Amino acid sequence: MIREAAYAKLNLSLDVQEKRTDGYHNMLMVMQTIDLCDHISLDLRLEAGIFLTCNYGYIPTDGRNLACKAANLFLKACGREGQGISIRMKKEIPVGAGMAGGSADAAAVLRGMNRLLKAGMGRRELEKLAEQVGSDVAFCVAGGTALAKGRGEMLEDLPPMPDCSIVVCKPSFSISTPELFGKLDRVKLLHHPDTDGMLEAIRENDLRGTAIRMYNVFEEVDDRRMRIVADIKGALLDGGAAGAVMTGTGSAVFGLFSDEEKAKKSAEKLSKEYSFCRIAKPIKACLFDC
Ligand code: C5P
């Protein structure tokens with residue numbers, strides 16, 4: 001049996017650029033892997049097909065799950081379509097949070113199947129397969145700190161972000177990705193993140209410089225739920241965070257702290273009001289052979 005940890009991602013910054021002819025938008029995002037993870041185990045089965053089980057009953061376990069899609073693609077790519085695979089998924093990453101939980105699971109399946117079937121694929125080969133599964137999956141193959149462009153599949157590795165404690169808090173609602181992109185098309189964006197400035201701050205290992213540049217254009221969308229996002233951000237900043245922002249299309253919000261004690265106190269306070277509240281650390285190492 002093969003085990004893989006499927007680590008969550010956060011967007012330190014998220015900019016949406018032009019809408020493309022294929023209906024997608026070009027993005028410019030600084031992505032960061034954190035140590036909060038789902039647990040994936042893989043095994044061979046005699047019977048052909050992908051057999052997925054999950055600790056959350058409401059998660060689809062058929063072809064709609066990105067992990068199944070990734071497994072099928074991998075078998076096809078290495079000419080092993082008849083091979084049966086069982087996947088056990090234990091989820092810890094909140095669903096509908098903008099933390100790429102489903103994408104992280106799919107990427108972990110690709111890494112795990114590469115080991116299980118001794119297929120010998122390299123990082124770039126896995127990322128190419130990942131691209132076909134979903135927008136954030138390619139980043140999740142190797143993780144770390146990266147600049148992502150296009151739909152998120154054009155990746156440039158960055159030096160590790162400055163060390164810090166991260167408080168992640170998710171309100172009970174989730175926001176649908178297509179709905180949020182649709183709403184974004186109807187607003188004239190007033191601000192864009194200073195992505196170049198953030199890249200420089202990361203290269204200089206400057207936590208404050210990184211934190212103050214965190215920005216997500218989706219927070220400008222006209223949606224009453226963004227008021228709750230703003231409340232959580234305010235609470236994180238009041239608690240001593242150097243910066244706070246929503247990740248992806250939400251609804252999770254996080255803050256970066258240089259002081260671990262302040263992070264703990266802030267998480268404790270927020271957990272009285274919001275059901276998901278965790279302290280995480282950035283993951284520096286690549287998850288693959290880079
Ligand atoms: O990536 P995913 O297929 O989950 O995205 C769902 C929807 O969000 C897309 O069908 C598209 O409407 C929108 N989207 C977009 N631009 C992106 C990613 C998603 O417009 N870069």
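**View 1. Parallel pairing of strand β1 with strand β8 in the predicted model.** Leu14 has Asn216 in β8 as its bridge partner. The two strands, β1 and β8 (residues 215-216), are joined in the parallel sense over 2 bridges.

**View 2. The hairpin of β1 and β2.** Strand β1 (residues 2-19) and strand β2 (residues 25-45) run antiparallel and are joined by 14 bridges. Between the two strands lie 5 residues. Gly23, in the turn, has a positive phi of about 90°.

**View 3. The hairpin of β5 and β6.** Strand β5 (residues 145-150) pairs with strand β6 (residues 154-157) in the antiparallel sense, over 4 bridges. Ala148 stands opposite Leu155 of β6. This hairpin has 3 residues between its strands, and Gly152 takes a positive phi near 125°.

**View 4. The contact of helix α1 with helix α2.** The axes of α1 (residues 66-77) and α2 (residues 101-116) come within 8 Å and cross at roughly 30°. Because the angle is under 35 degrees, α1 counts as roughly parallel to α2. The crossing of α1 past α2 is right-handed. On α1 the contact is made by Leu66, Ala67, Ala70, Ala71, Phe74 and Leu75. On α2 the contact is made by Gly102, Ser103, Ala106, Val109, Leu110, Met113 and Asn114. Sorted by class, the contact of α1 with α2 holds 10 nonpolar residues, 3 polar residues and no charged residues.

Technical notes:
Residues numbered from 1 in each chain as written. Predicted model: local features only at pLDDT ≥ 70, side-chain atom pairs only at ≥ 80, totals over all residues. Heavy atoms only, no water. Axes fitted to C-alpha atoms, helices over the stretch in contact; angles between N-to-C directions. Parallel < 35°, antiparallel > 145°, perpendicular 65-115°, else oblique. Left-handed = near helix turned anticlockwise from the far one by under 90°. Contact = heavy atoms within 4.5 Å. Nonpolar A, V, L, I, M, F, W, Y, C, P; charged D, E, K, R; others polar. Pairing = 2+ DSSP bridges.
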